[in-house]
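Please read the following report with the sequence and the model side by side. The text moves from overall confidence to the sheets and then to the core.

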Amino acid sequence: MLSNARLWGTLCLAALIVCLRCRAEDLTALRALQVYATAQPPHADLTFTEPLAPNSAPLFTLASATAQGEWNPLGITAMQGLGGRPRMLRVYYAEPLPAEHTRLRACTESGACVEARIDSPSDAAAAILKKLGALPATQQDKSLLASLFFGRAAGLNVGAADLNLVRSDPGAKDLSYFLRLKRGAASGMDPRHVEAGAHWRRNFLLNSDRRAAIATALRGRPAEAQALLDELQTKWWAGHTLDIGVKVEGDASGQQQWIGLVDAGWGLQSTTRRVALPGAPGWLRFRWLAGGVEAGRDQARLKMGADAALVIQAREETAPIRRFEFVAHSTARWLARPELGARGLRPWTQLDAKLFVLESASLRYGLRLSLQHGSLPPLYERVNSIHLGFVVESRDTGE
Amino acid sequence: MKSTKRTQPKRGSRKPTPQDAQDALTLLDRAARHRAAPDGALELAVALASLTRLVTVDLRQKPFRTEPADLFDLTFAGVGLNDGQMGFLREQLKRLLPAISGDLDANSQVLDQPNHRIGDYAQFLKVALLLNNK
């Protein structure tokens, strides 16, 4: 016969095994429940902790209740997996929820339940907009690019800074503010350029006829919609843009007066193309400034340019190199009126190779090798330099 | 919309039975013939696929299938979109969901952020469609 100590030890061990088994089942249990009072047909969306196997349906029950009342079971009429959301299931029930019911509950076979408050669509809209607007400040910025460089020139250690900040206006559609600074510490490395202003951008999609045809075919003729979508995916250009804005330019040293300019341009934006590389997904996108003008009291410039970015992102979170980017930028300005003795064509080219080794929730940290060649307004000082330095960027960078 | 909380089961709550497993498969089959109101998720996936080759959509399956499979758990930046392309995404959605084109434009400064999770954007579309159908 077992002694008391062994008996209790065996019982405790059995209880521990049962508890561990229960916790293992809970790992694939319900995580969240979404329900909208006026959804037709009536349904709720369930989110599980793990992806569901195709054509599988975990066992659970649904019930609704008033704020303090008893739970009334709901008859489930159908369930449906959701495209692109393998952890979610849509559950349809027979009748709309009673108006006085404010809670919905789903319980799994293990007995664990999740509850959700039933809100009106207007309250739900306010809640989701609040959630979308609650990005951290560094993620709200359309782009944050700050680089500090260190190099050698003429036997001296020199530094340089390159800052690009773009932020959307919180109240006006398609309006953004920007600040760009390029400075170096030695002659031949100092573009002496700063500009700040606002611009409004209007986007125009290309291939409008195919995009409209997809809209009409999407619900009733999936094969036709698929053929149209497959054809759209072969296109290199997404659309064109019209930018109109105002800005002030300076030499970032305070020696020259600020220049006020109107800046307008028309360009083409590419789609994002996949770059097939073993072990790491990559993509390529580019933008072509087909034509633009910059005009001030004494300035009249025509400009044309292009930007291209190649991005390679590591799949593993523990990869030593998290991300590699190669960014090329080129702008050519033709000065119709002389500016400080400069006239004619003034090109600027910058090539950046960036290696990111650290990432936080909102920022990336790494090294940047930069080649700068040409000249920038307002002084058009010749620059021909190669920099190596540290770079800090937001998790998404704009153009 | 939701305030999700987990609770322990109370006495007397009905637990699913083995018979329910067979019934669940019947419910899935019934859903295949269920005509549901659009919630914007399909349109969002199609709009994404039209702008980036990192996303593909198979419209012939029910429900539609995406590559990557967990598309709505990713961010727009994670599928290769930058802030300049988010405006084009919104323009495409206005064509696919004309009933809420005004809502898309009115909230563009919040929506046109590539760091948004695609699923959160889809949730906004669903709620906007519900408000429009009210």
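## Basis and confidence

This is a predicted model, in which local features are given only at a pLDDT of at least 70 and side-chain atom pairs only at pLDDT 80 or more, while totals for chains, interfaces and linings use all residues. Residues are numbered from 1 along each chain as its sequence is written, and chains are lettered from A and ligands numbered from 1 in the order in which they are written. The predictor gives the complex an ipTM of 0.85 and a pTM of 0.84.

Chain B averages a pLDDT of 81, and 72% of its residues score at least 70. In chain B, the pLDDT is below 50 over residues 8–13, a stretch with four contacts beyond near neighbours in sequence, and it stays under 50 over residues 18–22, for which the model has two contacts beyond four places in sequence. Where pLDDT is low, the predicted coordinates should not be read in detail.

## Make-up of the chains

Chain A holds five helices and 21 strands, where helices (H or I, at least four residues) and strands (E, at least two) are DSSP runs numbered from the N terminus. Of the 399 residues of chain A, 36% count as buried; a residue is buried if 20 or more other C-beta atoms lie within 10 Å of its own, exposed if 12 or fewer, and partly exposed in between, with C-beta atoms placed from the backbone. The domain assignment, which is automatic or from a database, gives chain A domain 1 (26–132) and domain 2 (137–394), and the centres of these two domains, taken over C-alpha atoms, are separated by 44 Å.

Chain B has six helices and three strands, which run β-α-α-β-β-α-α-α-α from the N terminus on. Buried residues make up 50% of its 134 residues. Among contacts in chain B with a separation of 6 or more, 71% are between residues 24 or more positions apart; in chain A, the corresponding share is 56%.

## Strand pairing in chain A

An open sheet of four strands in chain A has the order 1-2-6-5, with antiparallel pairing, two strands being paired if DSSP finds at least two bridges between them. Strand 1 (30–35) and strand 5 (76–82) stand at the edges with a single partner strand each, so one side of each is left without a neighbour in the sheet. Within this sheet, five bridges join strand 2 (residues 43–48) to strand 6 (residues 85–93), and Asp45(A) has Arg90(A) in strand 6 as its bridge partner.

Further along chain A, strand 12 (residues 193–205) and strand 13 (residues 237–250) pair in the antiparallel sense over twelve bridges, with Asn203(A) opposite Thr241(A). Strand 13 is also joined by twelve bridges to strand 14 (residues 259–270), again antiparallel, and here Gly239(A) stands opposite Gln269(A).

## The core and a buried helix

How many residues does the largest nonpolar core have, and which of them touch the most other members? This core, a set of buried Ala, Val, Leu, Ile, Met, Phe, Trp, Tyr and Cys residues joined through C-beta atoms within 7 Å, has 82 residues, of which Leu44(B), Ala45(B) and Val46(B) touch the most other members. Helix 6 (residues 118–133) of chain B gives the most to this core, with nine residues. Domain 1 and domain 2 of chain A both give residues to the core, so it lies between them.

Nine of the nine residues of helix 2 (residues 41–49) of chain B are buried, so this helix is largely enclosed by the rest of the structure. Among the buried residues of helix 2 is Val46(B), which touches Ile214(A), Leu218(A), Leu229(A), Val57(B) and Leu96(B), not counting residues up to four places away in sequence.

Terms used: Contact = placed C-beta atoms within 7 Å. pLDDT = per-residue confidence, 0-100.
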